[in-house]
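Me: I'm new to this one. Can you walk me through it?

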Amino acid sequence: MGKKKQKIVLPPELPPEIPDEAVEVSDEDVRFVAENREYTGFLSNLDTKSINKHVTRVADVKEDDLESLYEKRIRKRSLDKEAEEHGLEVDPVDALPVKTLDGKLYYRTVPKATQKSESEDKDEANSNKDGGADASVVRLTKAEKRAKLKKMRKEAKRQAKEGAEVEEIEKIPQAEALDEVRKDMTAEEDNEKKKFRLAELGTALLTDPELNIKSLKEMLEISKDGDRDIVVLALKSLLAVFRDIIPGYRIRLPTEKEQEMKVSKAIKKMRFYESTLLSAYKAYIQKLIAVEKQAVYKRVAVRCICTLLEAVPHFNFRESLLAAVIRNISSEDDVSRKLCCSTVKSLFTNEGKHGGEATVEAVQMIADLVKDHDCQLHPDSIEVFMSLTFDEDLGKRETRDADNKFKSKNSKRKNLKELKESVANEKKKARKEMMSKTREEVTAELKAASLTTDVTERRRMQSDVLSAVFQTFFRVLKQALRPRSEAGSSPQAPGSHPLLAPCLNGIGKFCQLIDLDFMSDLMNYLRKLAGSGNNSGDSSMDGSACLTVSERLQCCIAAFKVMRNNLDALNVDLQDFFVQLYNLIIEYRPGRDKGQILAEALKIMLCDDRQHDMQRAAAFIKRLATFSLCFGSAESLAALVTVKHLLQKNVKCRNLLENDAGGGSVSGVIAKYQPYATDPNLSGALASVLWEMNLLSKHYHPAVSTMASNVCMLSTGDSQVYQSNKSPQQAFKELSLEQESFIVKSDPKSSGTKRKKGSASLEHISTGSDLDFTAQIDENDVRKKLSEHYLLLHDIAENERLRGELARTTLSLKLHEQYKKQKKRRT
């Protein structure tokens, strides 16, 4: 056997040279060497030359072979380095690096298994080829070596391409994240710079507006930014600036002739300041109106518009601001609507700022808005009319003085004409005409510059406001009377007239200013509306819209207010309104209708009236006593206060408190009480007894029971008219507020004893450890029992009605038979 070729092993790579200064020796090592010097003697006897020779050179090897081996080692290192580069690098944040002896940091990587295995196979093949394989191994031919080398190059290119793609994929998300972070940082920095710039510009403008008036354009440019916070801040900053620098007069730009004239530097400076301010103010208003249509900036824009209109209503472009405010006066957004309503009310109350012109424009715009939307707006849109004030004695004294002056001037002119007819001088006339013209021009300019208006102008504006207001009120009334067929295919439900309630309140407040020519039409409208109820059996009212009980009561209240404020001019019978009130008391429901309106109707129609018909007063007393048994304590107390008022004013009606069921000598024509009569004059209430007062004196609420007891103590013999301290409105309001915290308590000791006759009220204990009246009552059972009870009553009434019809039918048949018999006898 042949001799095996010796495998050449290269020496290991030496560590990098490190200077002595970089080597740090600890104190423990120095102490250890000093203590063990006998063991360190071999270091001085080392042969460094031979060691270096063996380390750097390999024995019995040629120089060419050794160089080729070193080249292979370098090539292998480069391949390992490429494999490490193609590996998956770990984020420096997630893994700690490795520091080599030369001071470099290397982060851990996850190499690919396939790449590593292939590189290992290549190294093994090279080592086997060059490192001295067995002689028996078959060597590859040159063609095979070329093919293998070509294949290896292709594989290396493919791996390098895949590694580059992986690196690009890894770099893309990192780059995108970095770009986003940079953009956010730059956007925040820009926003901060814009905020500081807005503060600087605003401060400079407030300090010296004439010098820094050009800064308004830069602030307007900042308001066009895409960031919401910057836009809002810019709009608010401009609002504060304009509120402070706008002058107290209306700016008039110079005409072309005035611009051609030579003026001083101060006038040029003032004209430039005014024109720049006006153009910037116009651009700001246009920006607010454009932004107000966007939901994001709506509230901010509306607040800026309202604040600007309230602060400077005399300045230019008031019409644009007022149109934006009126457009949002019926908005669905509560905040915007309340802001606009408060602004319009402030315009109405503070007419000194604008001289009344803004009031006329606002009222006319609201009238047009009501007309365009067919009265389907929020009630606040015309409720602002309640803040209007009118001067009824406007111009009376001035007109008297003017008449006296006019008479004296006429007398003087007549005397002068008789004396100087022939000596009229044309030059003097021309001079006087020229002087009069110049005076008229000066007075006109002074009026335009000043906010004070003369009496004729104020009267004209007041008449315009009144005509627009009453035009709106009458339009709402006509829309409420419109038949359902005209209003649309779907019938209108009760409460579909949102503007009717504020309209009736306005008519009641300003009724003394209505022209007498329209009074009869107004009373007819109110009479029809008060009778257009849900239970109206009149066929003529079937086509009209149904109103709620509260709305019908308001119609009655408005009619009485109109009548009382025009007593000298009107002579109208209010019997129909008493009939409607008499029927509406039964139709009232506490949860559905407003008790405050019912209390107001009782006060105005029954308590405030000086005198009532005895039959009508007795009918209302009986109806209100029955009403007090059915509803809550607040409504019951208001009704009892009204009963007390009526009994105090009508002494003969106190016979209802006696036990005589016939009513005595004052029973009237109708001898029997008719509880279901629709007309109070035909009810025959004087023939009844107020037995309800006995039950109400045992009411659970002490206020109701006390009032019922006081009513029972009124005697028929005492003819003195007492004045009650409370009105129905006050009683209802006090008891409705008290009812929220009222708790019913009962005394267990007195629960088993019989109540004595004539006891005023139940014993209510507010303190102590008594048992509370908190028994749980099943509402469904109560509702079921009440429904059965009322069904039984309804059946009884229906049975009586059918029996009456049967009796009438039998009577008519008998009469017909008698007629036939008489006819036969005649023949």
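Me: Let's start with one residue. Is Asn191 buried or exposed?
Reply: Buried, because its relative accessibility is 18% and the cut-off for buried is under 20%. Keep in mind that this is a predicted model.

Me: Where does Asn191 sit?
Reply: Asn191 is in helix H5. That helix covers residues 142-207.

Me: Which residues is Asn191 in contact with, leaving aside its neighbours within four places in sequence?
Reply: Asp227 and Ile230.

Me: What about charge on the surface? Which residues gather in a patch of negative charge?
Reply: Glu188, Glu189, Asp190 and Glu192.

Me: Is Lys150 buried or exposed?
Reply: Exposed. Lys150 has a relative accessible area of 53%, and exposed means over 50%.

Me: New topic. Which residues form a nonpolar patch on the surface?
Reply: Val782, Leu786, Tyr790, Leu792, Leu793 and Ile796. Together they have about 550 Å² of accessible area.

Me: Take Leu793. Which helix is it in, and how accessible is it?
Reply: Leu793 is found in helix H29, residues 779-826. Its relative accessibility is 40%, so Leu793 counts as partly exposed.

Me: Now the inside. Which residues of helix H11 are buried?
Reply: H11 runs over residues 318-327. Its buried residues are Arg318, Leu321, Leu322, Ala324, Val325 and Ile326.

Me: What covers the buried residues of H11?
Reply: The cover includes helices H9 (265-292), H10 (298-311), H12 (334-349) and H13 (357-372).

Me: Zoom out. How many helices and strands are there?
Reply: The protein has 29 helices and 4 strands.

Me: How much of the protein is buried?
Reply: There are 827 residues, and 32% of them count as buried.

Me: Last one. What share of the contacts with a separation of 6 or more comes from residues 24 or more positions apart?
Reply: Those residues account for 74% of such contacts in the protein.

Methods: Residues numbered from 1 in each chain as written. Predicted model: local features only at pLDDT ≥ 70, side-chain atom pairs only at ≥ 80, totals over all residues. Heavy atoms only, no water. Helix = DSSP H or I, 4+ residues; strand = E, 2+ residues; numbered from the N terminus. Buried < 20%, exposed > 50% of the residue type's maximum accessible area, 1.4 Å probe, protein only. Contact = heavy atoms within 4.5 Å. Patch = residues over 30% accessible without salt bridge, like charges linked within 9 Å, V, L, I, M, F, W, Y side chains within 5 Å. Areas by Shrake-Rupley, 256 points an atom, 1.4 Å probe, with all protein chains shown as cover. Salt bridge = Lys/Arg side-chain N within 4 Å of Asp/Glu carboxyl O. Lys, Arg positive; Asp, Glu negative; His and termini not counted. Charge placed at Lys NZ, Arg CZ, Asp CG, Glu CD.
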